[in-house]
Amino acid sequence: MAALPSALNHAPGAAPSAAPDDGAVAAMAAALIQSRQTILPKRLGAPGPDAAELAAILNAAAHAPDHGQLLPWRFVLVPEAARPPLAEVFAQALLERDPCATPEQCGQAREKAYRAPVLMLVVVDGERGDPGIDLAERLLSAGCAVQNMLLMATAQGHGSALTSGKALKAASLRALFQLAASEQALCFISIGTVLSRKPARARPVASAYVSTLDMDRGVVPGF
């Protein structure tokens, strides 16, 4: 997908070439949101975002809601030079779960570390800052930060994906990324050029997941 034009795609801090009206901004935002699609890491290749694009993606996270301004999340980039130890962590985590895993299966686990030009780990801290702000709010803030980043990558014309798995809980992964006891690894973000994509999946309509609290009838479907 080509990078989306307009005021939604300009250098951080730079003024748009024109000031669109509210309707145009809303239409651009809708187009951006609706064009985001998960592209599996194996379908992402070089080139990845350049330095300026990556900075814009990372800076987009700062605009997520963050109750108490805790900054309860962080991101750890995994450059190419650091992929081999991550690959070994993936293989070791597989063997810990399944001691009978074959060399081929271990190889497939290692290969996952080398997909996509940009790879980063999302980390959330359950204790940073105000202890009265519970984990659910911290996770929600992290999710908003991640979505901001995915949308920025989409606006630049890049593909992206979130991946998880049981290796995120492995002691070896926690050690590699130097996670504190209060931190948890949520997922990996992969970003790169789309090599191929599946057809966009059908999205649910709002009426499928929205209801309204009615003073007479209770909670009723729709809005």
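Q: Is W73 buried or exposed?
A: This is a predicted model, in which local features need pLDDT of at least 70, side-chain atom pairs count only at pLDDT 80 or more, and totals for chains, interfaces and linings use all residues. Residues are numbered from 1 along each chain as its sequence is written, and side-chain values use heavy atoms, with hydrogens and water left out. Buried means under 20% relative accessible area, exposed over 50%, and partly exposed in between, with a 1.4 Å probe and protein chains only. W73 has 9% relative accessibility, so W73 counts as buried.

Q: What kind of aromatic pair do F90 and F188 form?
A: Rings of Phe, Tyr and Trp (its six-membered ring) pair if their centres lie within 6.5 Å; planes under 30 degrees apart count as stacked, over 60 as edge-to-face and the rest as tilted. The ring centres of F90 and F188 are 5.8 Å apart. Their planes stand at 85 degrees, so the pair is edge-to-face.

Q: How many residues apart in sequence are the parts that the pair of F90 and F188 ties together?
A: Helices (H or I, at least four residues) and strands (E, at least two) are DSSP runs, numbered from the N terminus. F90 lies in helix α3, residues 83–97. F188 lies in strand β5, residues 183–194, so the parts tied together are apart in sequence by 98 residues.

Q: What is the relative accessibility of F188?
A: F90 is buried, with a relative accessible area of 13%. F188 counts as buried too, and its relative accessibility is 5%.

Q: Which residue forms one aromatic cluster with F90 and F188?
A: The structure holds three aromatic pairs. F90 and F188 belong to one aromatic cluster together with F177.

Q: What share of the contacts in the chain with a separation of 6 or more comes from residues 24 or more positions apart?
A: Contact means heavy atoms within 4.5 Å. Leaving aside neighbours within four places in sequence, L121 is in contact with residues including R74, F177 and F188. Across the chain, the share from residues 24 or more positions apart is 76%.
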